[in-house]
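Here's a friendly walk through one protein model. Have a look at it first, and then we'll go through a few of its residues together.

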Amino acid sequence: MTTTAPTPAAAAAPAAGPWRLARAELRRRTSVKISLAVAVLFLLMAAAAPLLSTLCGWSPEEFDKAAVDPYLGGQPVGPFGGISAEHWLGVEPVTGRDLFARLVHGARVSLLIALAATAIVVVAGTAAGIAAGYFGGRTDALLSRLMDLTMSFPSLIFMIAMMSVARDVNRILLMTAVIGLFGWPGVARVVRGQTLSLKHREYVDAARVGGSGPWRILTRAVLPGVAGPVIACTTLLVPGMIATEAALSYLGVGVRPPTPSWGQMIAESVAFYDTDPLYFAVPSTCLFLTVLAFTLLGDALRDVLDPRSGRA
């Protein structure tokens, strides 16, 4: 009696099972569908910011003095903050800059910084966590102490100091680097713990006995095993990065005017919240919805991809 060896596709099918189950579970949740739709909407809005500002007919730095009343302290002309066919969401008080154009370009800046900083955190944290968990010994001790040192550092004070001192630099690149500098230890600790539980699994030992080098074992055996928690952490990191960028811009140490960002717009609108509440409400609502969407999406991914989190 002869037996037929399983084909590569058939052998790979069981490994793909958990991911198919995860996708099916995510599709079943209404909150995931709504959160994903909101997140994709803002990402598309940020990507298409130049096109959208062209459609509305105003650039984010263009003043429209006719849209504000100089005799009323620069308040927008017309109801609801100057909303009209010419200015879809109204205008800024005093300057008359189009609020819609600044909103979409602010989304571009805020989300670019948040996503780029998240990418730095995930790549650095995953690399450090895998190296610490797999190699152990002095490598683990050195990286673990570096994680402890970075996490104990007063990051917010350092961010404010760095952004205040550095002047003739690209503010977007600097904010991305500074925010990413302090975020990687959290991911590294999660990945390190996961790697410690995977390094002595049968398939890892089999690859080691079979003559595979450390690089092949890490990339082919260990990395796929930590992918689930890393994906969940990534989605949960994004809202924190968005909020951090908004907080720094709100404090006046973020991107410089006239470059718009949501945090900067909120900071500028505080002085007008009683006379022009829409100016404050529009960027605040966009920031709230974006953070909420990524948070709910991250929670759902963590429940599905990392069941050991204890939330089902």
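What follows covers a serine, the cysteines and some aromatic rings.

A quick word on the ground rules. This is a predicted model, so local features need pLDDT of at least 70 and side-chain atom pairs count only at pLDDT 80 or more, while totals for chains, interfaces and linings use all residues. Residues are numbered from 1 along each chain as its sequence is written, and side-chain values use heavy atoms, with hydrogens and water left out.

**A serine in a helix**

Let's start with Ser110, which sits in helix H4, residues 99-135. Helices here are DSSP runs (H or I, at least four residues), numbered from the N terminus. Is Ser110 buried or exposed? With a relative accessible area of 0%, Ser110 is buried. For these labels, buried means under 20% relative accessible area, exposed means over 50%, and partly exposed is in between, using a 1.4 Å probe and protein chains only. Which residues does Ser110 touch, leaving aside neighbours within four places in sequence? Its contacts (heavy atoms within 4.5 Å) are Glu245, Ser261 and Trp262.

**The cysteines**

A disulfide is a covalent bond between the sulfur atoms of two cysteines. The rule used here asks for a pair of cysteine sulfur atoms within 2.5 Å, and the count comes to 0 disulfides. Take Cys286: it is in no disulfide, and the nearest cysteine sulfur, that of Cys56, is 14 Å away. Cys286 counts as buried at 11% relative accessibility, whereas Cys233 is partly exposed at 21%.

**The aromatic rings**

Rings of Phe, Tyr and Trp (its six-membered ring) pair if their centres lie within 6.5 Å; planes under 30 degrees apart count as stacked, over 60 as edge-to-face and the rest as tilted. That gives 7 aromatic pairs, including these two:

| Pair | Centre to centre | Angle between planes | Type |
|---|---|---|---|
| Phe153 and Phe182 | 5.9 Å | 20° | stacked |
| Phe272 and Tyr279 | 6.2 Å | 50° | tilted |

Phe153 lies in the loop between helix H5 (137-152) and helix H6 (155-165), and Phe182 in the loop between helix H7 (171-181) and helix H8 (184-198), so their pair ties together parts that are 29 residues apart in sequence. Phe153 is partly exposed at 39%, but Phe182 is buried at 16%. Together with Phe158, Phe153 and Phe182 make up one aromatic cluster.

Technical notes. Helices (H or I, at least four residues) and strands (E, at least two) are DSSP runs, numbered from the N terminus.
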